[in-house]
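Trainee: Before we look at anything in particular, could you show me how to read salt bridges in a model?

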There are 2 protein chains.
Amino acid sequence: MSADPLPGWRETPAKQSIVEFVAAVTDPGSPDFVPERDRIAVFDNDGTLWTEQPVYAQLIFALDRAAELGHPTSLEELHAGGMAALIKLVALTHAGITTDEFDAACRNWLASARHPRFGRPYPATVYQPMLELLGLLDRSGFSCWIFSGGGTDFMRTWAGDVYGLPPHRVIGSVGETDFRVGDDGPELVKSATVQVMNDGPQKPSSIHRHVGQRPIVAAGNTDGDLAMLQWTVIDMAADWATIHPPAA
Amino acid sequence: MSADPLPGWRETPAKQSIVEFVAAVTDPGSPDFVPERDRIAVFDNDGTLWTEQPVYAQLIFALDRAAELGHPTSLEELHAGGMAALIKLVALTHAGITTDEFDAACRNWLASARHPRFGRPYPATVYQPMLELLGLLDRSGFSCWIFSGGGTDFMRTWAGDVYGLPPHRVIGSVGETDFRVGDDGPELVKSATVQVMNDGPQKPSSIHRHVGQRPIVAAGNTDGDLAMLQWTVIDMAADWATIHPPAA
């Protein structure tokens, strides 16, 4: 079946719904037709587009970088230390360097790091069915965006190539950056101050800020994606309240 | 001269530089060729693309809206009250309503408001030569973005149509928004907390966050645009330091 747009998907109602939905919104003769400029699709990343088990890849990056910087720690110590330990780790490994230096550090790590179960580079641990969905939507005139809890700068070092997305459509959590004119010219220095934790109810706010349009497709895999899914559904549902009554 | 890409520009070295630059970066045979995906151009708005005299349009919107809400104030009172008065005015006129309601309020205002000197709607007080420049860059494969001190939500109600830009490429100052599921479904409520004042050194940080690429063209008209211009020039200059020595 070479004409199957989603060959990696099993023949389920979910697959059928997706294919029918895409056909309807791209057919100018359909009552559900959506102009190309309004075909916005948003995706979570960790657990939705690539593996998040056994541990977030970015956390492994941070642990490896901490060791490289002479301050080794372990997952066990991190769990024991709670949020304070995590903030300290992020400050150590994600701040005090320029955006160019951080970009290079991520790329170096990605070149050698291997997923503990699959033994492959992390950017190879993406879900084939989701790549097919991204491709189907892209060919159907959608603009696909990532709204993830992962760090924007970290994701942009690999997600663009792997998912075929320009950097501006890869949005995650962000720390502040400080502009300065150094000896080598202007640069942005990453600070330890987290400006946006891009999870939960923050996701619709980030979508509003970065896209400025309500999506008509959203994909996520945890409760951290619920608000993003809710924010998307309303545009597709004639009567939202009958589908998802407001929480008390 | 129908072939003139910038007919509203006088024949000056500035115009010639722009035309030659665009020709060079779009010519695959040129040593200065830049692939289309890297042709990023960033523009300030107030005073660069449209008038900012005698008063920022958005400030007039705020004063008109304050009066409509039963809390009239004047420019004189605002000046006398300083930053505290301005913050109070912004909270009154830009917060506590949903993004959809704010969008409608802006559009209503724009439909009737007239520029005090020209007697025309504000979106008609844009600079013809700059519209031509946006058009030339767009036709030449550039992605043009706005990075302004004005409010993102306010600008997006008119800038898209006037400048031919999708909402995601219109970026300004932003307040936080709070997601909630109301009686009519999910909505975003604008809060009075300013998250980003998009001016000065913040502009390169915003460009990094929203675009994720260094621009190769930047246009601004005040010192609030200096950092954005510096952040852009480095990519075009073989030796930045000889052009703009670092400040002491």
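**Reading the salt bridges**

Mentor: This is a predicted model, and with a nitrogen-to-oxygen cut-off of 4 Å the count over all chains comes to 14 salt bridges.

Trainee: Which residue does K203(A) meet in a salt bridge, and where in the chain do the two partners lie?

Mentor: The side chain of K203(A) pairs with that of D44(A), at 3.0 Å from N to O. This pair links distant parts of the chain, 159 residues apart, since K203(A) belongs to helix α8 (residues 202-210) of chain A, while D44(A) sits in the loop between β1 (40-43) and α2 (57-68).

Trainee: Are K203(A) and D44(A) buried or exposed?

Mentor: K203(A) counts as buried because its relative accessibility is 0%, and D44(A) is likewise buried, at 5%.

Trainee: How far apart along the helix are R107(A) and D103(A)?

Mentor: These two are four residues apart in helix α4 (residues 99-112) of chain A, so about one helical turn separates them, and their side chains form a salt bridge at 2.8 Å, N to O. R107(A) is partly exposed, with a relative accessible area of 40%, and D103(A), at 26%, also counts as partly exposed.

Trainee: What are the relative accessible areas of E11(B) and K15(B)?

Mentor: E11(B) is exposed, at 64%, whereas K15(B) is buried, at 4%; the side chains of E11(B) and K15(B) meet in a salt bridge of 2.9 Å, N to O. In chain A, salt bridges with shared partners join D4(A), E11(A) and K15(A) into one network.

Key: Residues are numbered from 1 along each chain as its sequence is written. Chains are lettered from A and ligands numbered from 1 in the order in which they are written. This is a predicted model: local features need pLDDT of at least 70, side-chain atom pairs count only at pLDDT 80 or more; totals for chains, interfaces and linings use all residues. Side-chain values use heavy atoms; hydrogens and water are left out. Buried means under 20% relative accessible area, exposed over 50%, partly exposed in between (1.4 Å probe, protein chains only).
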